[in-house]
Amino acid sequence: MSLIDTDTIQLFIEFVGTLAFAISGIRLAAAKQFDWFGGYVVGLTTAIGGGTMRDLMLFTTPFWMTNSIYIICTGVALIVVIVFKRQLVRLNNTWFIFDTLGLALFTIAGIQKTLDYDHPFWVAIIMGCITGSAGGVIRDVLINEVPLIFRKEIYAMACIIGGMIYQVCILLHVGRELTVLISFITVVLVRVVAVKYHITLPHLKKIE
């Protein structure tokens with residue numbers, strides 16, 4: 001029997017992922033010289049935006065309304081940015097890893113919740129992508145930037161690829177825990193490899 005169970009590990013990653021998402025939003029808001037409240041709103045939107053959109057489309061109560069941890073995490077993120085602003089600049093790579101872990105976890109959470117509502121798998125993959133990446137889209141709109149996922153990085157595509165691997169595992173009758181692990185690792189690897197080797201999707205050519 002392991003000393004730390006799966007639920008504890010998932011809760012830890014979810015906390016760190018939420019914190020990282022919130023910090024990413026607050027840091028960008030700080031670059032735009034938002035006030036503290038504006039920074040908190042942008043950070044909270046980044047952390048819960050995707051899951052909220054998913055739950056509304058599933059006609060269920062948004063997840064953050066049943067657990068205050070997301071509100072608290074965003075408050076902690078705001079304090080961290082205010083107090084440790086200079087140190088955070090040197091931790092870019094660390095926060096990137098945490099953000100990637102959160103992206104993978106939220107993608108899988110979106111897939112599983114959608115399947116629990118008896119939707120087909122193609123819907124679950126879309127919902128997983130929305131859960132993982134839509135918060136960042138809303139964040140970028142709030143700070144008046146073109147959303148990151150439309151510009152250069154492999155971000156939403158990592159969610160989609162992870163979702164497709166999840167479906168393959170289900171079709172092959174792989175156990176649920178192993179399916180989650182494989183899909184989780186897939187999202188993380190796709191994101192890390194794409195950033196490390198500057199892999200991007202082809203850009204649309206301007207029509208003249």
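# A Guided Tour of the Model

Begin by selecting Thr94, which is partly exposed, with a relative accessible area of 36%. Thr94 belongs to helix α5, which covers residues 92-116. Helices here are DSSP runs of H or I with at least four residues, strands are runs of E with at least two, and both are numbered from the N terminus.

The structure is a predicted model, in which local features need pLDDT of at least 70 and side-chain atom pairs count only at pLDDT 80 or more, while totals for chains, interfaces and linings use all residues. Residues are numbered from 1 along each chain as its sequence is written, and side-chain values use heavy atoms, with hydrogens and water left out.

## Salt bridges

Side chains of opposite charge can pair when their charged atoms come close. A salt bridge is counted when a side-chain nitrogen of Lys or Arg lies within 4 Å of a carboxyl oxygen of Asp or Glu. How many salt bridges does a search of the whole structure find? The search finds 4.

Select Glu145 and Lys32 for one of them; their closest N and O atoms are 3.0 Å apart. This pair links distant parts of the chain, 113 residues apart: Glu145 is in the loop between α6 (121-142) and α7 (156-171), and Lys32 is in the loop between α1 (6-31) and α2 (36-57). Glu145 is partly exposed, at a relative accessible area of 35%, and Lys32 is also partly exposed, at 36%.

Next, select Arg54, Asp55 and Lys113, which are linked in a network of salt bridges. Are Arg54 and Asp55 buried or exposed? Arg54 is buried, with a relative accessible area of 5%, and Asp55 is buried, with a value of 0%. The side chains of Arg54 and Asp55 meet at 2.8 Å, N to O. Asp55 also meets the side chain of Lys113, at 3.0 Å from N to O. The latter pair links distant parts of the chain, with Asp55 in helix α2 and Lys113 in helix α5, 58 residues apart.

## Cysteines

A disulfide is a pair of cysteine sulfur atoms within 2.5 Å. By this rule the count is 0 disulfides. Cys73 is buried, at 1% relative accessibility. Cys129 is in no disulfide either; its nearest cysteine sulfur, that of Cys159, is 4.9 Å away. Cys129 counts as buried, at 13% relative accessibility.

## Aromatic pairs

A pair of aromatic rings is described by the distance of the centres and the angle of the planes. Rings of Phe, Tyr and Trp (its six-membered ring) pair if their centres lie within 6.5 Å; planes under 30 degrees apart count as stacked, over 60 as edge-to-face and the rest as tilted. A search of the whole structure finds 3 aromatic pairs.

Select Phe21 and Phe106, an edge-to-face pair with 5.3 Å centre to centre and 65° between the planes. Phe21 lies in helix α1 and Phe106 in helix α5, so the pair ties together parts that are 85 residues apart in sequence. Phe21 is buried at 2% relative accessibility, and Phe106 is buried at 8%.

Continue to Phe63 and Tyr70, an edge-to-face pair at 4.8 Å centre to centre, with 85° between the planes. Phe63 is buried at 15% relative accessibility, as is Tyr70 at 8%.

## The last stop

Finally, select Lys196 and Tyr197. The charged end of Lys196 sits over the ring of Tyr197, 5.6 Å from its centre. This description requires NZ of Lys or CZ of Arg within 6 Å of the ring centre and within 35 degrees of the ring normal. To end the tour, select Val193, located in helix α8 (residues 176-196). Val193 is partly exposed, at 37% relative accessibility.

Methods: Buried means under 20% relative accessible area, exposed over 50%, partly exposed in between (1.4 Å probe, protein chains only).
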